[in-house]
Amino acid sequence: MSAVGTSENPLRVAIIGSGPSGFYTVSNLLKQSDLVVEMDMFDRLPTPYGLVRAGVAPDHQKDKSVTRAYEKSAANPGFRFFGNVEYGTHIHLDDLKQHYHQVMFTTGSPFDRNLGVTGEDLAGSHSATEFVAWYNGHPDFADRQFDLSQENVVVVGIGNVAMDVARILCKTVDELKVTDIADHALEALSQSKVKNVYILGRRGPAQAAFTPPEIKEMGEFAEADVNILPGEAVIDEHSQNQMDADNDKNVLKNVETIQSYAARPNAGKPRQLHIRFLVSPTELIEEAGAVSALKLVQNDLLMDDRGQLKPVATDREEVIPTGLVFRSVGYRGQPLPDVPFNESWGTIANEGGRAVDASGQQVVGLYTAGWIKRGPSGVIGTNKTCAQETVGLMMEDLQAGRLFEPADPGADSALELIRSRQPDFVSFADWKKIDEAEVAEGARQSRPRVKMTQVTDMLDVARS
């Protein structure tokens, strides 16, 4: 038989997950010289693009333009998309071993980490992921309810997702209705009684996890002021020394913006955004089975024995009355059937993108990229180099012959298997019908698109 990766015997790769990491895997494989490769991408939703569609904030349309590059990759004749097909339900690892030489997992980190405080499970306490998926029209979350009659809302965490949540809560309907926010979310937010939004960070301004554009954007609301306590905008000596040593431009920009907000006079707008530093939640207080307030403690930043700055609780406490709390303190991946998983990190157990077993030995044929590989860090573009690293290892293993040995590697055989397991699969051409229908409806409303939020509606359009 001809060598794997030739026109007579193409390299067959299955990609589980259709977000940025999945598509950057495709583009990196297509860049390999003299490699003939056939790639089948699977997603449990009928729609591709992962968090670009379901996670990127609706008022950040520019960030979604990366899908144009993904479409170019999808146009390659060696690529196929199988939406509405779930790994572990419709297809299993043993199936994939029969039809592919390599399997790449790019399934992301869909779950929020817990706060670990009393009252976290009360009504009114939610993960930021739920809210983000809800306002972005994810089918799994379209029917969720959030009590926007509350005047005070608390967002625990100070990364980009926390900033997105707060920004959506602070914007007016006029600011939101020109985006592709889900219709049900736009309607609910139009009735919002929210007046105060609190963002809580356990460390100081120099350790904030958001990016400079995110914090800068918070000062541009039509009807919301940004409030930062001057004392919490001060940089402590240890942080200043670290800033001087690292000279990280992003940190310097963040601190500059934070301190400018602390010095800005309040304009008395209808909504108030309060960004707090050096505070940690200690309890969600219950009343009638629901959250009624959040207790927090103020922290000092101290250097530990390893030279790391750590927040240390003081005896200074506060209580914020609130009936709606969102946690955004980190994310973790979901264990996948027959794939080694690191419970502590919430990622696939891997070395550089090669899956490894409990003893640290490579699991031949299994690879990973994106958040499920490295944890929830970076921006969309970070996944490009992440996928590139893993593809490089895949090519090393191809040359060394460390591959699955599929009994039936033909593309037609894989297609027949998928048809037998999930007749309602959605091809990329089917997705384009959904895409065109959403964009057309958006054009009628002077919006980028109007998203379908029910899988049945998507399938009806795909089959039309």
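This is a predicted model: local features need pLDDT of at least 70, side-chain atom pairs count only at pLDDT 80 or more; totals for chains, interfaces and linings use all residues.
Ser 125 belongs to strand E6, which spans residues 125-127. Its relative accessible area is 14%, and because buried means under 20%, Ser 125 counts as buried. Looking past its neighbours within four places in sequence, you will find Ser 125 in contact with Gly 119, Glu 120, Leu 284, Val 291, Val 325 and Arg 327.

From here, let's turn to Phe 326. Again leaving aside neighbours within four places in sequence, Phe 326 has contacts that include His 126, Ser 127, Ala 128, Phe 131 and Phe 146. Also among them are Val 153, Val 154, Val 155 and Val 156, along with Val 165 and Leu 169.

Phe 326 is part of the largest nonpolar core, a set of 47 residues. Together with Leu 169, Met 218, Ile 228, Leu 273 and Ile 275, Phe 326 touches the most other members. Helix H6 (residues 160-170) supplies the largest share of this core, with seven residues. A second, separate core holds 36 residues, including Tyr 49, Cys 386, Met 394 and Phe 428. In soluble globular proteins, nonpolar side chains tend to be buried together.

Our last stop is a pair of helices, H16 (residues 428-444) and H17 (residues 455-463). Their axes come within 8 Å and cross at roughly 110°, so H16 and H17 are roughly perpendicular to each other.

Conventions
Residues are numbered from 1 along each chain as its sequence is written. Side-chain values use heavy atoms; hydrogens and water are left out. A nonpolar core is a set of buried Ala, Val, Leu, Ile, Met, Phe, Trp, Tyr and Cys residues joined through side-chain atoms within 4.5 Å. Buried means under 20% relative accessible area, exposed over 50%, partly exposed in between (1.4 Å probe, protein chains only). Helices (H or I, at least four residues) and strands (E, at least two) are DSSP runs, numbered from the N terminus. Contact means heavy atoms within 4.5 Å. Axes are lines fitted to C-alpha atoms, for helices over the stretch in contact, and angles run from 0 to 180 degrees between N-to-C directions. Angles under 35 degrees count as roughly parallel, over 145 as roughly antiparallel, 65 to 115 as roughly perpendicular and the rest as oblique.
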